[in-house]
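Please open the structure in your viewer and keep the selection tool at hand.

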Amino acid sequence: MVTLRLFYLLQKKGHMVTVSQFEKIECVGHIQKRMGNRLRKLKASFGKNKLSDKKTIGGKGRLTDVAIKKLTTYYGNAIRANAYVNEMRQAVWAHTASTDYEPKHWFCPKGSNSWCKYNVSVHNNKVKEFKHKNTFPEAVSQAIKPVFKELSNLKLLRKCLGDCKMRFSEPQTCQFVELLREHECLWNNSLDLYKNKKMRDRAIAAISTDMAIPGFGDREVRRKLKSLKSTYHLEVGKIQKSIKSGMSTENLYVPNMKWFSVMDEYLKNVSEKRHNR
Ligand SMILES: [Zn+2]
């Protein structure tokens with residue numbers, strides 16, 4: 001698996017990491033986090049209330065913080081390991097719902113390197129000795145099932161894959177940022193036009209037309225705008241932090257995206273708090 005940090009490391013060393021591989025990873029990371037948040041929320045909402053087996057949702061062998069972490073990792077793995085939405089969806093729950101009597105590891109990756117210990121034992125011909133350790137009591141399984149159901153719905157997974165495809169190449173991002181420069185109402189908060197919804201809508205539509213990418217409509221432009229602005233501010237924050245830390249000039253943080261300097265030309269003079277919308 002390639003993490004973001006590893007990606008940059010590999011890139012530095014001249015290794016090729018295919019873009020699609022990387023894009024999928026970043027996107028999955030995002031919905032994987034959502035799984036963790038939902039499970040923690042669910043646990044908090046049950047609190048000390050008793051489940052159908054008269055015990056609380058947490059506690060030993062139940063939905064502990066460690067178990068939430070494991071489920072979250074598992075969820076991400078199940079999505080990463082499968083190329084098709086239908087397989088993803090089934091993989092999300094199948095492995096977790098497996099028991100010694102009813103193993104359901106069809107969608108888990110096979111071989112000695114698999115994250116699925118069951119399939120590793122199949123690979124090593126030791127499946128008879130395998131015991132499912134992390135099986136939840138039925139009451140806990142039932143309690144967390146809605147979260148899994150919600151986060152494995154086809155629409156969500158498809159959207160995740162769709163968003164991956166909607167990611168831009170660097171030249172495309174630069175083009176977008178250049179177009180944005182022409183529409184001040186979308187970023188210059190010192191203008192009255194900045195508050196003019198009609199004007200903004202028109203600007204958004206114009207960018208979508210000028211980009212001329214199938215499927216890249218007004219909604220996508222808005223989403224892109226929001227994410228670029230927030231990335232821009234994150235990067236600015238990193239620069240400011242490195243300046244504050246008193247590093248020598250050559251060690252100062254420099255964003256490595258080409259579009260950043262283009263955007264910075266026109267955004268740096270606009271006050272920070274207000275145009276982040
Ligand atoms: Zn499995």
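Begin by selecting Val92, which touches Tyr75, Ala78, Phe148 and Ser152, leaving aside residues up to four places away in sequence; two residues are in contact if their C-beta atoms, placed from the backbone, lie within 7 Å. The model is a predicted one, in which local features need pLDDT of at least 70, side-chain atom pairs count only at pLDDT 80 or more, and totals for chains, interfaces and linings use all residues. Numbering starts from 1 along each chain as its sequence is written.

Next, select Leu71, Tyr75, Ala78, Ile79, Met88, Val92 and Ile144, the residues with the most contacts inside the largest nonpolar core, which has 23 residues. Such a core is a set of buried Ala, Val, Leu, Ile, Met, Phe, Trp, Tyr and Cys residues joined through C-beta atoms within 7 Å; buried means that 20 or more other C-beta atoms lie within 10 Å of the residue's own. Two or more residues each come from helix 2 (19–46), helix 3 (65–81), helix 4 (85–94) and helix 6 (138–151). Helices are DSSP runs (H or I, at least four residues), numbered from the N terminus. The largest share, six residues, belongs to helix 3.

Now select Cys185, Leu186, Ile207 and Trp259, which are among the 16 residues of a second, separate core.

Then display helix 9 (residues 197–211) and helix 10 (residues 218–244), whose axes (lines fitted to C-alpha atoms over the stretch in contact) come within 9 Å and cross at roughly 100°. The two helices are therefore roughly perpendicular, a term for angles of 65 to 115 degrees. Ile204, Ala205, Ile207 and Ser208 of helix 9 meet Asp218, Val221 and Arg222 of helix 10.

Finally, view the whole chain: 11 helices and zero strands.

Notes. Axes are lines fitted to C-alpha atoms, for helices over the stretch in contact, and angles run from 0 to 180 degrees between N-to-C directions. Angles under 35 degrees count as roughly parallel, over 145 as roughly antiparallel, 65 to 115 as roughly perpendicular and the rest as oblique. A residue is buried if 20 or more other C-beta atoms lie within 10 Å of its own, exposed if 12 or fewer, and partly exposed in between; C-beta atoms are placed from the backbone.
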